Amino acid sequence: MLEKNPVIFIILAFVVIMIGTTVTMIAPFKWINGAGDRIAEVKPYTPLQQEGRDIYMREGCNNCHSQTVRTLAADVERYGYGGTYSKSGEFVYDRPHLWGSRRTGPDLARIGLKYPDPKGAWHRKHMENPQSVVPASNMPSYAFLNKPLDTTYSERKMKLLKFPYSQADLDDLKGKSEMDAIIAYMRKLGTDIPVKKVEAAVQTAALKNPFTEYKSIESDAKSVYRQHCASCHGDKREGTLGPALKGSAKADAELFKIISQGIEANGMPSFSAALDEQKIWKLVTWIKLDTK
Amino acid sequence: MNAPTRYFDDSVKGFITWSIIWGTIAVLVGILISLQLVWPQLNVAPYLTYGRLRPIHTNAGIFGWGIGSFIAMFFYITQRLTKTPLWSPKLARVTLWIFNIAIASAAVTLALGINRTKEYAELEWPLAIVVAILWVLFSLNVLMTILKRKEEQMYISLWYIMAALVGVTVLYVVNNLGVPLHLFKSYSAFAGTNDANVQWWYGHNAVAMVLTVPPLAIFYYFLPKVTNNPIYSHRMGIIAFWSLIFMYLWTGAHHLLWTPVPDWIQTLAMAFSIMLIAPSWGAVMNGYLTMNGQWEKMKSNYIVKFLICGITFYGLQTLQGPMQAIRTFSAFIHYTDWVPGHVHMGTMGWVSMVLFGATYYVTTKLSETEIYSVKLADTHFWLVLVGQLIYSVTMWIAGVQQGMMLLATNPDGTLHYSFMETMIAIFPYYKMRAVSGFIYLAGLLVFIYNIYKTFQKGADSQAAKA
Ligand code: HEM
Ligand code: HEM
């Protein structure tokens, strides 16, 4: 009979389709983004950050960059930048989500932790000419974002998305470029959840490098360097955005302190959350070497 | 016997022509973006940057080439299977206009950066509404033809057609819900993890309702036509059909393994993905057994070759897909080039192969003549097959290599390779993929020439008769 009655056939097909849909797509609305998911520290976007997010969407950055640190050790190590894997509560203000499906480039869920520099110097240089900081990168240049930001809809966006905002937030948009907006967005990504910083050793005098020779640690140190330092200090420690490090004359203890606590004014991030003491000492030992 | 029914085929021809045009554009853009991944200097800011072009490629491929040809084939098949002329030829002509306007506006708006960013649902709300209207008008025409049919029994292809009409409507409408800010911008109705879950419920079932169900409808119609064998098992067809459309809808979260989506949704997706092997292979076996052992037809009939090769890619695709849906395997290949390798075996292999075969058949029928050149059809076959294989194989290797490098750690838990090292390692494969694109394009051009010549031949012989 089914093969003779198209109306019944279509109704039945619809019902069959709706079973799996109901269980896996409709029902989860009851839990996802509910009280159990909420994280108090996660804040909505400011007008400038939201403008940046909209530019991210316009340029289709999501076609190459994901925004979810999976619950895999290697993901957390590579993209956590001291934070942990992504939690549902971090995304409650994201309309739409921008998790992406490809990592032609690296994940950006916590990129704000990687480059905390308030001036965004690294981002600016990278966006204008990616190959100037990462020579082999295949990312396009976004120098064209150096144009005034259109703020016509900024306030309406806040209202529509029901995000709180102040007059100061709106004033902050004045004179900003599209580049400023996208950098503001990237600096916010992943920074809401407080990162547990390792207690930085108080007494510099008490700091003593446990490594006396470099051979045994060289390969570990190099891989940490490539992962965390090369993008600002150059592949060969020759200095690009940050100063040259090769054969540094600074004392071990001082280098340790700079790496673990950072120098905020210069844009040098703190690595005390991302790297344990052992790894920092390995770095210190190796960067001071004057060989290749 | 009554006089033979007069079918209305102008729009079939119109849709075939335009879908081929959009398909060629999809491939050209595909080649351009594959080159941009090796030479970023090829990005032309801001309109022709990779981030804006990639959705143009996928939309032209899936909506322009895929859906465009499906509409042509559904109009053609439905009339024959119901022995009834199309319900409204006028509506069909209007549908073609809306189709072309929609796809052209999609390309223009995406280049302008008007983009919702949800994969395969990128078009902003005014255009999404046009697409929805297009689909409803098309569905209405097909369904009314079925309702007024003269043949009581509905053959398997008609079930698949009806399921696709209903399924796509539900999926497209839900995933496009949003709140407009102005004419060119809206925000999704769903937030964060909910939005991701809705998106991949849509995304995977776009694979089901657009890239699986319609080509199956077409395959089931044309294979018996060209082999002169009846379909092997009607009952197997029924079981495979209902279990396929039941199971697919549970599996969207296999795109979201290890993410914040609740674990039980991920586990269900994994289990149902594996179960999907059964109905998928039911469909494949039904095709193979329809050959009734007459495999020499693979040699003697150029269309059989396309259809059987297509269904074989479908079989491989539905073994590889479930494998990717397993958590441990996903950890390894998700986000890597493995996935484009999978995707293009489906699109360039399965979907396109079946469409090439069906297009040859319909072209010869509509122009009431033989194909212009069987030799060229063979050349076309080998070029697209080789192009497709090089594409997928290089991307699988690249994906495995990068996946392995990304997960490699040192004894102290630090990562062995930086991201850039993993990228430099796969550049050679990117270059080979671009070459595969040119080979595929060459095949496509041979196909277009052959189709054009066949239509011309048909027109000439009709003119001679008159
Ligand atoms: C039993 C059948 C199938 C299953 C279980 C399946 C499973 C999957 C999985 C798990 C992914 C995600 C991979 C990842 O991102 O890690 C995927 C991606 C994809 N598959 Fe399949 N697949 C199946 C058949 C097909 C077929 C027949 C096609 C036809 C063209 C297809 C086209 C695609 C596309 C286009 C994507 C990419 C989606 C995106 O990330 O944008 N699949 N599939
Ligand atoms: C010569 C032919 C083609 C070339 C060179 C090509 C190239 C590409 C490239 C470079 C990408 C981006 C991969 C990435 O994200 O890393 C892509 C993605 C995609 N292409 Fe193609 N393509 C071709 C044919 C097609 C056809 C005919 C279709 C559809 C009918 C298609 C559908 C898609 C889809 C759905 C994606 C998204 C995959 C995903 O999300 O994982 N492509 N293609």
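This is a predicted model: local features need pLDDT of at least 70, side-chain atom pairs count only at pLDDT 80 or more; totals for chains, interfaces and linings use all residues.
1. Setting of ligand 1. Ligand 1 is surrounded by 27 residues, with B:Glu119, B:Tyr120, B:Gly321, B:His334 and B:His342 the closest. Although these closest residues carry the chain letter B, the surrounding residues come from chains A and B, so the site is shared between chains.

2. Polar contacts of ligand 1. Side chains of chain B approach oxygen atoms of this ligand. B:Glu119 places a polar side-chain atom 2.6 Å from an oxygen atom of ligand 1. For B:Tyr120, a polar side-chain atom likewise lies 2.6 Å from an oxygen atom of the ligand. The distance from a polar side-chain atom of B:His334 to an oxygen atom of ligand 1 is 2.6 Å.

3. Make-up of the first shell. Three helices of chain B, α6 (192-209), α12 (302-324) and α14 (338-366), each contribute at least two residues to the shell around ligand 1. The most comes from α12(B), which supplies six residues. By residue class, this shell holds eleven nonpolar, 15 polar and one charged.

4. Setting of ligand 2. Around ligand 2 there are 26 residues, of which A:Arg102, B:Arg54, B:His57, B:Glu119 and B:His344 come nearest. Here too the site is shared between chains, because residues from chains A and B surround the ligand. B:Glu119 deserves attention in review: this residue is listed among the closest to ligand 1 and also among the nearest to ligand 2.

5. Polar contacts and shell of ligand 2. An N or O atom in the side chain of B:Arg54 is 2.8 Å from an oxygen atom of ligand 2. B:Glu119 has a polar side-chain atom 2.9 Å from an oxygen atom of this ligand, while B:His344 has a polar side-chain atom 2.8 Å from a nitrogen atom of ligand 2. Two or more residues of the shell come from each of α1 (10-36), α2 (50-82), α14 and α16 of chain B. Of the elements, α2(B) gives the most, with seven residues. The shell around ligand 2 divides into 13 nonpolar, eight polar and five charged residues.

6. The hairpin of chain B. Strand β1 (residues 178-182) and strand β2 (residues 185-188) of chain B pair in the antiparallel sense over four bridges. Together β1(B) and β2(B) form a hairpin, with two residues between them. Within this pairing, B:Gly178 has B:Ser188 of β2(B) as its bridge partner.

7. Chain A overall. Chain A contains 13 helices and zero strands. The C-alpha atoms of the chain fill a box of roughly 85 × 45 × 35 Å along the principal axes. Of its 292 residues, 53% are buried.

8. Aromatic pairs. Over all chains, a search of the whole structure finds 48 aromatic pairs. B:Phe241 and B:Trp242 form an edge-to-face pair, with 5.0 Å centre to centre and 85 degrees between the planes. B:Phe241 counts as buried because its relative accessibility is 0%, and B:Trp242 is also buried, with a relative accessible area of 17%. B:Tyr372 and B:Tyr449 form another edge-to-face pair, at 6.0 Å centre to centre and 85 degrees between the planes. B:Tyr372 lies in the loop between α14 and α15 (374-407) of chain B and B:Tyr449 in helix α16 (residues 419-465), so this pair ties together parts that are 77 residues apart in sequence. In this pair, B:Tyr372 is partly exposed at 36% relative accessibility, and B:Tyr449 is partly exposed with a relative accessible area of 40%.

9. Aromatic cluster and charges over rings. One aromatic cluster of chain B is formed by B:Trp65, B:Tyr302, B:Phe306, B:Phe356, B:Tyr360, B:Phe381, B:Trp382 and B:Phe447. In chain A, A:Lys87 lies over the face of A:Tyr85, at 5.0 Å from the ring centre. The charged end of A:Arg237 is placed over the ring of A:Trp286, 4.4 Å from the centre of that ring.

Key. Residues are numbered from 1 along each chain as its sequence is written. Chains are lettered from A and ligands numbered from 1 in the order in which they are written. Side-chain values use heavy atoms; hydrogens and water are left out. A residue is near a molecule or strand if one of its heavy atoms lies within 4 Å of it. A polar contact is a pair of N or O atoms within 3.5 Å; within protein, one must be able to donate a hydrogen and the other to accept it, and residues adjacent in sequence count only if both atoms are side-chain atoms. Ala, Val, Leu, Ile, Met, Phe, Trp, Tyr, Cys and Pro count as nonpolar, Asp, Glu, Lys and Arg as charged, and the others, Gly among them, as polar. Two strands pair if DSSP finds at least two bridges between them. Rings of Phe, Tyr and Trp (its six-membered ring) pair if their centres lie within 6.5 Å; planes under 30 degrees apart count as stacked, over 60 as edge-to-face and the rest as tilted. Buried means under 20% relative accessible area, exposed over 50%, partly exposed in between (1.4 Å probe, protein chains only). A charge sits over a ring if NZ of Lys or CZ of Arg is within 6 Å of the ring centre and within 35 degrees of the ring normal.
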